[in-house]
Amino acid sequence: MKQLLELLGPAQANEKGADGHSATSVVVSAVSGMGGIGKTALAERTALLAAEQGWFTGGVLRVDLRGNTPGRPPVRPEQTYGWLLRELGLNAEQVPSTIDAQAGAYHQLLDQLATAGQRVLLVLDNAADATQIEDLLPRHPAHRALITTRDVLALPRARRISLDVLPEPDAVVMLTQLLREADPQDLRPDGDSAAVVRLVKLCGRLPLAVEIVAAILIDEQSLPVAELVAQLSDADTRLTGITHAIGDVEAVIDFSYRRLAARDPDAAALLPLLTTNPGPDFATDSAAALANVEVTLAAPRLRVLRAASLLQHTPAGRWRLHDLVALYARSLITPDIAALATTRLLDYYSVTADAADDHLRALPGQPVPDRFTVRQDAMNWFDAEHTNLVAAVAHALNTGHLAHTINLASYLGRYLTWRRFLQDWVTVAIHASTAAMALDHRPTSAAVWNNLGSALQEVRRFDDAITAYEQARDLYQELGDRHGEGAAWNNLGIALQQVRRFDDAITAQQNDLEICQELGDRHGEAMAWGNLGNALQQVRRFDDAITAHEQARNLFQQLGDRHGESNAWNNLGNALRQVRRFDDAITAHEQARNLYQELGDRHGEGAAWNNLGNALQQVRRFDDAITAHEQARNVYQELGDRHRESGALNNLGIALRQVRRFDDAITAYEQARYLYQELGDRHRESGALNNLGVALQEIRRFDDAITAHEQARNVYQELGDRYGEGNALSNLGSALRQVRRFDDAITAYEQARDLYQELGDRHREAMASNNLGNALQDVRLFDDAITAYEQARNVYQELGDRHRESATWNNLGVALQEIRRFDDAITAHEQARNLYQELGDHHREGIAWNNLGNALADGARSIEAVHAWGNALAAFENAGDGEQAARLRTLLASHEPNESG
């Protein structure tokens, strides 16, 4: 209405008379839309407001042209001149007798009114075609014309305004107001607001339909809204139900369709075929497939339907049927014609999706179908058709097109994974498995089980995924299909890692690797190496993992598979980080990130940013790490991947802790925890709680920290995750130490250590023993503490974890000092120092030098102590730790020993 009023208002430019000086064309506003959309009501309301503003002192004239009035012929211009002249002020005897003279007098009178400053608004309502109105339009630019029509009219000068259905909130308000105007005490809209929303949706938010259902409810005061919803829920009878004395939606649509069929039967015949499309909209190509004609013939027919307001054209350039028009049109098609159209559409979708999928999977240099020019064109087509294709898989299954069901689901897998439409992938994969069971074809069933396993794995249904992969593997083995068997082993290994069955996972990946090498499948071999490397990392065989990832990277590079190469770089970076080759890890993750960005793989880019942040933390580039984790979080937010967004938030919290931004870290952890709660991922929610507890310890909220760690421990116990339980117990022990509940802390550490022993995780067992030593020192059980440290040190030595070995030497030295075994303490700190020097860890080298100085001072070797503290100062300065460096300068100035644990 605002737009119309702007067009009808007095022009800002000069409006001259009929002499043509400075004259512009009259402003004609043509309001179009489907029957029942509210065109007439809008025009009448707008005209009334314009008159109230005093814009049309010459009068507002409304003519019903009956262009779409059943049972009555359209009004022609010659039928209106006499009435218009009388409305403009002529007496009956002044009206000329011939049509031509009436037309001349009509336009002459309009010009005279304009010259006198009396503007006229002519409302031409319900026009059928341009011939009804062309001769009636004012010629003087002072006047305005407002036209309503179901069809888009060929009026070059007209300002076109196309009406759409009401927004849902407006439709609800309209229904509520109509009921309240009839009875202010009608409480039905308030009593069941959900039913009101459902009702206006069933009306397609069409104003006429909303008026009709309101009239039904007004007539039947005892009829609950929900009951009317139930009556209209059956699509086959809904149009019949939206009928009342005030109007009939079906009759309105039928009249438009019959008029169209009379003048363009080909366009009319297309309308029922469009209803067999299962999605919310469609492309011109899809319409051509339904009609079995070329696009060049389908496109003009679609435009004719749109001009008749029986079809809508979306801003994205696609076509859409209004719900009620679709219900009407569906009644016009016979089952056999619908079946043929469905088959043609599914053929089109299958062929095109197959070609698009080939582009997504193709390696550089491989031939691809010419249906798409480049890979991005294929991706764009998938993006546009995504909803339709998912619906088409279900439609294919429901209509007995089993092969189409299976093929479409297969062609969609790569795209749905790439765009992270994971629930859609599960849905189509389940449909495919149902179709495969009905076909009872073992090769097809094996492939479908494999695809279903991949979909289930992506939504973290790991046990179900393992079952699916095992089914696929067994079928491939029975069929002697070594290639398929290898693929199933590969996928099975990945799923087994997720449930921490690492040895089984390694075996599965090795089986796949052996098959790929036997078959000469270099691409499959590259994938097997990468997945084997991931499994090897889980059992801390990092050198073997690095070798595997390098093999994968090299093969992908040779094959020109840049996406596979980017995955290999990312995995390699993770393995390098574990052996403390942090600079190499950073380079690997940057390589991965850059490749993902070039390929447009936002999801892979997010993973690379996240891993890069983890590596940057290890070299104390915390600000850069925070930026990396924020980038990862932002990418996942854009993609709507809330699960991985939570992971990025978790890592962001860790980085924020390192720069002592504890409040921000707590916020990040809480956001991660809430996201995991919403997702129902209790396992990762516990991880976020555990990290939250660590951050709470940093700001001395120890009771809250204890609560967080206890909650994490309890959930891990419920889930049967003994690794997670051990980690929560270790952190709980740390929090308990802070509130001087030393005995409880010792119990927590002992429980953690025992859990890791049972699990055979010697690395975590050593960490728990080290922490236990710290707690035993708190209660001055130094001999027991020394035993715990020595146990931890020995395990680290066996495992080759030199970094943690050096930390344990440091702690052992402090405990030895407490029982005045100064020489042993000095040896321990020297061992720690030497290891840190070899590792290039200047910060921890400074701590070792500092503690060595303290031990030397306690052993009355003051000169050597000062020398050690001086080296500590230099190490802290190299590490950029100004706080520790300042403390050492003060210490050296006073030559007073200082102890630091």
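**Helix pairs and a cavity**

Biologist: Let's start with helices α38 and α40: is their crossing left-handed or right-handed?

Modeller: Happy to begin there, and keep in mind that this model is predicted. The helices are α38 (residues 802-818) and α40 (residues 842-858), with axes 10 Å apart. Where α38 and α40 cross, the hand is left-handed.

Biologist: Are α38 and α40 roughly parallel or oblique to each other?

Modeller: Their packing angle is about 20°. Angles under 35 degrees count as roughly parallel. The pair α38 and α40 is therefore roughly parallel.

Biologist: How many nonpolar, polar and charged residues are in the contact of α38 with α40?

Modeller: From α38, the contact takes H803, N810, V814 and Q817. From α40 come R844, I847, A848, N851, N854, A855 and D858. Sorted by class, the contact of α38 with α40 holds 4 nonpolar, 5 polar and 2 charged residues.

Biologist: Turning to α8 and α9, are they oblique or roughly parallel to each other?

Modeller: Helix α8 (residues 207-219) packs on helix α9 (residues 225-232) with axes 11 Å apart, at an angle of about 130°. An angle counts as roughly antiparallel only over 145 degrees, and as roughly perpendicular from 65 to 115. That is why α8 and α9 are oblique.

Biologist: Into which classes do the residues of the contact of α8 with α9 divide?

Modeller: On the α8 side we find V213, I216 and L217. The α9 side gives V225, L228 and L232. The contact of α8 with α9 has no polar and no charged residues, and 6 that are nonpolar.

Biologist: Which residues of α17 and α19 make the contact between them?

Modeller: Helix α17 (residues 375-398) and helix α19 (residues 422-439) have axes 9 Å apart, and α17 passes α19 in a left-handed crossing. By class, their contact has 6 nonpolar, 3 polar and 1 charged residues. They are H386, V390, V393, A394 and L397 of α17, with D424, V428, H431, T434 and A435 of α19.

Biologist: How much space lies in the largest cavity?

Modeller: Searching the whole structure turns up 1 cavity of 30 Å³ or more. Its lining is M34, G35, V252, I253, S256, A308, S309, L310 and V325, which divide into 6 nonpolar, 3 polar and no charged. The space in the largest cavity comes to about 40 Å³.

Biologist: And which helix gives the largest share of the lining of the largest cavity?

Modeller: V252, I253 and S256 are among the lining residues. The largest share is 3 residues, and it comes from residues 249-263, helix α11.

Conventions
Residues numbered from 1 in each chain as written. Predicted model: local features only at pLDDT ≥ 70, side-chain atom pairs only at ≥ 80, totals over all residues. Heavy atoms only, no water. 1 Å grid on protein atoms, 1.4 Å probe; cavity = no way out; pocket = protein on both sides within 12 Å on 5 of 7 lines; lining within 4 Å. Points joined across faces, edges and corners; volume = space filled by probe spheres on them. Helix = DSSP H or I, 4+ residues; strand = E, 2+ residues; numbered from the N terminus. Nonpolar A, V, L, I, M, F, W, Y, C, P; charged D, E, K, R; others polar. Axes fitted to C-alpha atoms, helices over the stretch in contact; angles between N-to-C directions. Left-handed = near helix turned anticlockwise from the far one by under 90°. Contact = heavy atoms within 4.5 Å.
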